[in-house]
Amino acid sequence: MNIFSDIEPFMLRAFAVAVVMGPLCALLGVFVTARRMAFFSDTIAHGALAGIALGFLLGFEDPTWPMVLFSLLVAAAILWLKEHTDLLTDTIMALLLSGSVAFGIIVLSMLKNKRGELHRYLFGDILSVGPDDVWLAVVLCAAIGAWLFTKLSPLALLTASEDLAHVCGVRTRWLNYAFVLVLTVVVSLSIRLLGIILVTSLVVIPPAAARNLARNLRQQIILSLIIGLFGGAAGTVASYHWDIPCGPAIVMACIAVFIVSLVASKLWLNKPAST
Amino acid sequence: MTHTTCSHSAADIAVSVRDLRVTLGGQAILRGVNLHLHRGQLVALIGPNGSGKTTLLRAIVGLQKPDSGDVRIFGESDLKKALPRVGYVPQRLALDRSFILSVREFLALRLRETQHWFWHRKRDTDDRLRAAMAELGAESLLDRPIAALSGGQLQRVLIVFALLKNPDLLLLDEPTAGVDSPGEESFYDLIGEVHRKHKLTVVLVSHDLSMVYRHASWVYALNGVVCCEGSPEHVMNADSLKEAYGLNVTPYQHHGHSHGPGGGIVQ
């Protein structure tokens, strides 16, 4: 008996994207959390809403590229404002986050036939994952995953200390921009599955759960990859079985692992919080 | 300006800085600094807060872009070529607790063996790291997360990190900033030992005048410009210190070495 025969193609596509993007987000997340960039990730995700609305306004059937481009624009705006003004990074991000959301909602409310899209993009929808999205996810995961693994050493050093990385010959400015670029592309492409509101959780929760159990960076990276994979897989399966929204299902699966890891670290690993 | 000059050939110069000017936030921090650090010396940079000691060190390794001026390390003006010969110990690391990099992993990053480190541990790398840590008496810290170390432990690890590639020049920015006062003295002894054993040029930024007196072979007193330079005995005389610090400092002898006011630390 073929267990896949009863499963509908849209479910398989969503599952494929989830098991590919889950570990990728989780791996990026190890550095995102350590570099305190979780809010940054949240801001570029919300920036995507303005891109989606603009895409529809310009007549795109599939707003993927306008979405990615607008997220990149928001990321660039954060970096530019950070360098050229005295504003706090938090303030800049809050400004751009609310601005993008407001703009996106106004434009979507004006496009009468696209009002239903808002809900799909805010909370994620496995029905919206097309065959092209699967290929895009697989190619991206391979390319970005390979890049990340070759850059693990300079990235870890950059996270520990930008100054030390510079003295050790790392091109810190270039690597910072490359990291932001990769994070933006991955986050905005995960929106289909998780939705704008929840997409950052896939970047934050797996590394946090892994942090509870790990004793070094290598362990945290490996555990984070596994938890991202599990969260993506378990979430999409649960979403299909119980007909619940996919994004929240993936998040709840990751949170379940987080709770288990927290309890395990307190009970069995006897690991005090300070080490 | 007080000068004690030595005649050395260009090949003896580890770092030469010419007319270095740096402005930070509209304030001129370095206003034309000139210095020539000779090879093999343990050089101390002293000066009050805001005198540009840290900025000078950062400008030497390219972390601070100068407005004008010229920096050469071992005669090389191209930093990319010079930096592999330099070990740098920053004042502190702003490490987040959530980043669980172990000391072993952190040190492996200096050896650029992360790819190997990630997939499998190489025995020779491990032996090298263990030996390097043992030299500074910090072997037991290898598997600790670096963010959980105390100030003194972290400084030792940072020095090991800086020494791993056998540099010819070691720059230390207030190495005792996070060390409790009883540990400070032994810490400077340790740096002196590293200096002798590795036969390298050491430049360190310090507030601690007693350390300068005991260990440094050459001292620069900085306050936007080089106020005076020379042997510790020469620079520690009241007039030149006064010029550097812009206040009246009377060093006094105590347990065989000199102190400024406030237990030897001038703030």
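This is a predicted model: local features need pLDDT of at least 70, side-chain atom pairs count only at pLDDT 80 or more; totals for chains, interfaces and linings use all residues.
Strand S8 (residues 218-222) of chain B pairs with S9(B) in the antiparallel sense, over 4 bridges. Within the pair, Ala221(B) stands opposite Cys228(B) of S9(B).

Step back to the whole sheet. S8(B) and S9(B) belong to an open sheet of 6 strands, ordered S5-S6-S7-S3-S8-S9 in chain B, with mixed pairing. Strand S5 (86-89) and strand S9 (226-230) of chain B stand at the edges. Each has a single partner strand, so one side of each is left without a neighbour in the sheet. From one strand to the next, the twist averages 15°.

H1(B) packs on it and touches strand S3 (42-46), strand S6 (169-173), strand S7 (201-205) and S8 of chain B. The direction of H1(B) makes about 145° with that of S6(B). Helix H7 (residues 181-198) of chain B lies across S3, S6 and S7 of chain B. H7(B) runs at about 155° to S7(B).

Chain B also holds an open sheet of 3 strands, in the order S2-S1-S4. Its pairing is antiparallel. The edge strands are S2 and S4 of chain B, and each pairs on one side only. Neighbouring strands of this sheet are turned by 15° against each other on average, direction ignored. Helix H1 (residues 53-60) of chain B packs here as well, touching S1, S2 and S4 of chain B. Its direction makes about 115° with that of S1(B). Strand S1 (residues 13-24) of chain B is joined to strand S2 (residues 27-38) of chain B by 9 bridges, and the two run antiparallel. Ile13(B) has His38(B) as its bridge partner in S2(B). Val15(B) stands opposite Leu37(B) in S2(B). The hairpin of S1(B) and S2(B) has 2 residues between the strands. In that hairpin, Gly25(B) takes a positive phi near 55°. S1(B) is also joined to strand S4 (residues 68-73) of chain B, by 5 bridges, and this pair runs antiparallel too. There, the bridge partner of Val17(B) is Val71(B) in S4(B).

Two helices of chain B also meet each other. The axes of helix H3 (residues 103-110) of chain B and helix H6 (residues 151-163) of chain B come within 9 Å and cross at roughly 25°. H3(B) and H6(B) are therefore roughly parallel to each other. The crossing in which H3(B) passes H6(B) is right-handed. H3(B) brings Val103(B), Phe106(B), Leu107(B) and Arg110(B) to the contact. H6(B) answers with Val157(B), Val160(B) and Phe161(B). By class, the contact has 6 nonpolar, no polar and 1 charged residues.

Turn to chain A. Chain A has 13 helices and 0 strands. Its radius of gyration is 19 Å, close to the 19 Å that the globule rule gives for 275 residues, so chain A is as compact as a globular protein of that length. Along its principal axes, the C-alpha trace of chain A spans about 60 × 55 × 30 Å.

One helix pair shows how chain A is packed. The axes of helix H2 (residues 38-57) of chain A and helix H4 (residues 89-110) of chain A come within 8 Å and cross at roughly 25°. That makes H2(A) roughly parallel to H4(A). H2(A) passes H4(A) in a left-handed crossing. The residues that H2(A) brings include Phe39(A), Phe40(A), His46(A), Leu49(A), Ile52(A) and Leu57(A). Among those they meet in H4(A) are Met93(A), Leu96(A), Val101(A), Phe103(A) and Leu108(A). The contact of H2(A) with H4(A) divides into 15 nonpolar, 5 polar and 2 charged residues.

Last comes the place where the chains touch. Here 24 residues of chain A are in contact with 26 residues of chain B. On the chain A side, the elements giving two or more residues are helix H1 (9-34), helix H7 (152-160), helix H8 (162-167) and helix H12 (217-242) of chain A. H7(A) gives the most, with 6 residues. By class, the side of chain A that touches chain B has 10 nonpolar, 10 polar and 4 charged residues.

Definitions and conventions:
Residues are numbered from 1 along each chain as its sequence is written. Chains are lettered from A and ligands numbered from 1 in the order in which they are written. Axes are lines fitted to C-alpha atoms, for helices over the stretch in contact, and angles run from 0 to 180 degrees between N-to-C directions. Angles under 35 degrees count as roughly parallel, over 145 as roughly antiparallel, 65 to 115 as roughly perpendicular and the rest as oblique. A crossing is left-handed if the near helix is turned anticlockwise from the far one by less than a right angle, and right-handed if clockwise. Two residues are in contact if their C-beta atoms, placed from the backbone, lie within 7 Å. Ala, Val, Leu, Ile, Met, Phe, Trp, Tyr, Cys and Pro count as nonpolar, Asp, Glu, Lys and Arg as charged, and the others, Gly among them, as polar. Two strands pair if DSSP finds at least two bridges between them. The radius of gyration is taken over C-alpha atoms; the globule rule is 2.2 Å times the number of residues to the power 0.38.
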